[in-house]
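Please read the following report alongside the sequence and the coordinates.

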Amino acid sequence: MTGATWFGIGAVVAALWGVTIAVFNRWAQSIGGDELMNGRPLTPRFVRVIGIFLAVVGTGIAVAAFSGLLPTG
């Protein structure tokens with residue numbers, strides 16, 4: 001398996017994790033804590049945005065990796 005394939009598999013995992021965060025927002029917020037390192041609270045909307053970002057970027061990278069846009073070696 002090439003590096004691009006491994007990169008694509010990692011991107012699929014990131015995309016699935018993003019979908020999980022976006023759909024199960026309260027669960028994701030409960031395991032991650034209630035506030036950022038600077039003390040500001042984590043809102044459900046912010047957690048959902050993180051999940052959507054992971055899903056979109058992960059899907060894009062996976063498509064690029066499996067379609068041959070990334071170099072294989």
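To how many Å² does the accessible surface of the protein come, and what percentage of that belongs to carbon and sulfur atoms? In this predicted model, the accessible surface comes to about 5200 Å², and 72% of that area belongs to carbon and sulfur atoms.

## Overall form

The secondary structure comprises three helices and zero strands, and the pattern read along the sequence is accordingly α-α-α. The radius of gyration is 15 Å, well over the 11 Å that the globule rule gives for 73 residues, so the protein is more spread out than a compact globule. Along the principal axes, the C-alpha trace spans about 45 × 25 × 15 Å. Buried residues account for 25% of the 73 residues. Of the contacts between residues at least 6 apart in sequence, 59% join residues that are at least 24 apart.

## Packing of the helices

| Helix pair | Angle | Distance between axes |
|---|---|---|
| H1 (residues 3-23) and H2 (residues 25-32) | about 100 degrees | 5 Å |
| H2 and H3 (residues 44-67) | about 100 degrees | 9 Å |

For the pair H1 and H2, which pack at an angle of about 100 degrees, that value makes H1 roughly perpendicular to H2, because angles of 65 to 115 degrees count as such. On the H1 side the contact is made by Trp 17, Thr 20, Ile 21, Ala 22 and Val 23, while H2 contributes Asn 25, Trp 27, Ala 28 and Ile 31. By residue class, this contact divides into seven nonpolar, two polar and no charged residues.

For the pair H2 and H3, whose packing angle is likewise given as about 100 degrees, the two helices are therefore roughly perpendicular to each other. Here Asn 25, Arg 26, Ala 28 and Gln 29 of H2 meet Pro 44, Arg 45, Val 47 and Arg 48 of H3. The residues of this contact divide into three nonpolar, two polar and three charged.

## Individual residues

Is Gln 29 buried or exposed? Gln 29, placed in helix H2, has a relative accessibility of 9% and therefore counts as buried, the cut-off being under 20%.

Ala 14 belongs to helix H1 and, at 28% relative accessibility, counts as partly exposed. Although Ala 14 and Gly 58 are 44 residues apart in sequence, their C-alpha atoms are 5.5 Å apart in space.

Which residues does Phe 66 touch, not counting residues up to four places away in sequence? Phe 66, which lies in helix H3, touches Thr 5, Gly 8, Ile 9 and Val 12 on that basis. With one of these, Thr 5, the separation along the chain is 61 residues, whereas the C-alpha atoms are separated by 6.7 Å.

Conventions
Residues are numbered from 1 along each chain as its sequence is written. This is a predicted model: local features need pLDDT of at least 70, side-chain atom pairs count only at pLDDT 80 or more; totals for chains, interfaces and linings use all residues. Side-chain values use heavy atoms; hydrogens and water are left out. Axes are lines fitted to C-alpha atoms, for helices over the stretch in contact, and angles run from 0 to 180 degrees between N-to-C directions. Helices (H or I, at least four residues) and strands (E, at least two) are DSSP runs, numbered from the N terminus. Angles under 35 degrees count as roughly parallel, over 145 as roughly antiparallel, 65 to 115 as roughly perpendicular and the rest as oblique. Contact means heavy atoms within 4.5 Å. Ala, Val, Leu, Ile, Met, Phe, Trp, Tyr, Cys and Pro count as nonpolar, Asp, Glu, Lys and Arg as charged, and the others, Gly among them, as polar. The radius of gyration is taken over C-alpha atoms; the globule rule is 2.2 Å times the number of residues to the power 0.38. Buried means under 20% relative accessible area, exposed over 50%, partly exposed in between (1.4 Å probe, protein chains only). Accessible areas come from the Shrake-Rupley method with a 1.4 Å probe; for residues, only the protein chains shown count as cover.
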